[in-house]
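Reader: I would like to work through a structure one feature at a time. Please give the general idea where there is one, then the case at hand.

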Amino acid sequence: MDSPDPDGILAEQLLRLTRRLQRIQSRQLEPIGITPAQFRLLRTVAHYEDPPRMADLAQRLDVVPRAVTTLVDGLEANGRVRRAPDPTSRRVVRIEITEEGRATLRSLRNARKAAAEEILAPLTAEQREVLGGLLTALVDGMPERRRC
């Protein structure tokens, strides 16, 4: 009989938790009319001091430029972002977040906080702190993917 594989068990637990988080997030995003990918793009646009180029977003999100175009199309149709010309190059398009987009982010942050509370409810404050440290160590220790 094989002995238990602690790393395999841990990996399975992380995958189950990730799926649970995704279900909760999707449940919260659906009434707002935004997909998880659109939410990620909206958050990313909001972090830039100046409106980013589509290529900047594709690189930051680690997706192909066509995927950004599709996400921007959906967010623009709902008034959450707008395309703006670049002041220095006619060929460059920049993406600006609108007031509607900022309002969406505020409500989504509240929803995300509620989801975190739901997931973390079984943990004490001390356990949450330990978990935060462990997750930081995992995220910070991940090697960056190399692009070909």
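Reader: Where does Asp62 lie?

Author: This is a predicted model. Asp62 sits in the loop that runs between α3 and α4. Its phi is positive, about 60 degrees, although Asp62 is not a glycine.

Reader: Is Asp62 buried, exposed or partly exposed?

Author: The cut-offs are needed here: buried means under 20% relative accessible area, and exposed means over 50%. Asp62 has a relative accessible area of 36%, so it counts as partly exposed.

Reader: How should I read the core? Which residues have the most contacts inside the largest nonpolar core?

Author: In soluble globular proteins, nonpolar side chains tend to be buried together. In this model the largest nonpolar core has 19 residues, and those with the most contacts inside it are Ile34, Leu41, Leu42, Val68, Val72 and Ile95. At least two residues of this core come from each of α2 (36-47), α3 (54-61), α4 (65-77), β2 (93-97) and α5 (99-120).

Reader: What does Ile95 touch, not counting residues up to four places away in sequence?

Author: On that count, Ile95 touches Val45, Pro51, Pro52, Met54, Leu57, Val72, Val81, Arg82 and Arg83.

Reader: Now helix α2. Which residues of α2 are buried, and what covers them?

Author: An α-helix has 3.6 residues a turn, so residues three or four places apart point the same way. The buried residues of α2 are Gln38, Phe39, Leu41, Leu42, Thr44 and Val45. Their cover includes α1 (6-29), α3, α4, β1 (81-85), β2 and α5. As for length, α2 has twelve residues and reaches 17 Å from its first C-alpha to its last, close to the 16 Å expected at 1.5 Å a residue.

Reader: At what angle do the axes of α2 and α4 cross?

Author: The two axes come within 10 Å and cross at roughly 90 degrees. Angles of 65 to 115 degrees count as roughly perpendicular, so α2 is roughly perpendicular to α4. On the α2 side the contact is made by Ala37, Gln38, Leu41 and Leu42, and on the α4 side by Val68, Leu71, Val72, Gly74 and Leu75. By class, this contact has seven nonpolar, two polar and no charged residues.

Reader: Gln38 is in that list. Is Gln38 buried or exposed?

Author: Gln38 is buried, because its relative accessible area is 10%. Leaving aside neighbours within four places in sequence, Gln38 is in contact with Gly33, Leu71, Gly74 and Leu75.

Reader: And Arg43, where is it placed, and what is its relative accessible area?

Author: Arg43 is also placed in helix α2. Its relative accessible area is 22%, so Arg43 is partly exposed. Leaving aside neighbours within four places in sequence, Arg43 is in contact with Leu105 and Arg112. Arg43 and Ser107 are 64 residues apart in sequence and 12 Å apart in space, C-alpha to C-alpha.

Reader: How many residues of helix α6 are buried?

Author: The count is zero among its 16 residues; α6 is hardly covered. Helix α6 takes in residues 125-140 and reaches 22 Å from its first C-alpha to its last, close to the 22 Å expected at 1.5 Å a residue.

Reader: Which helix holds Asp140, and how does its accessibility read?

Author: Asp140 is found in α6. At 61% relative accessibility, Asp140 counts as exposed. Asp140 and Asn110 are 30 residues apart in sequence and 26 Å apart in space, C-alpha to C-alpha.

How values were computed
Residues numbered from 1 in each chain as written. Predicted model: local features only at pLDDT ≥ 70, side-chain atom pairs only at ≥ 80, totals over all residues. Heavy atoms only, no water. Core = buried A, V, L, I, M, F, W, Y, C linked by side-chain atoms within 4.5 Å. Buried < 20%, exposed > 50% of the residue type's maximum accessible area, 1.4 Å probe, protein only. Helix = DSSP H or I, 4+ residues; strand = E, 2+ residues; numbered from the N terminus. Contact = heavy atoms within 4.5 Å. Axes fitted to C-alpha atoms, helices over the stretch in contact; angles between N-to-C directions. Parallel < 35°, antiparallel > 145°, perpendicular 65-115°, else oblique. Nonpolar A, V, L, I, M, F, W, Y, C, P; charged D, E, K, R; others polar. Expected span 1.5 Å × (residues − 1).
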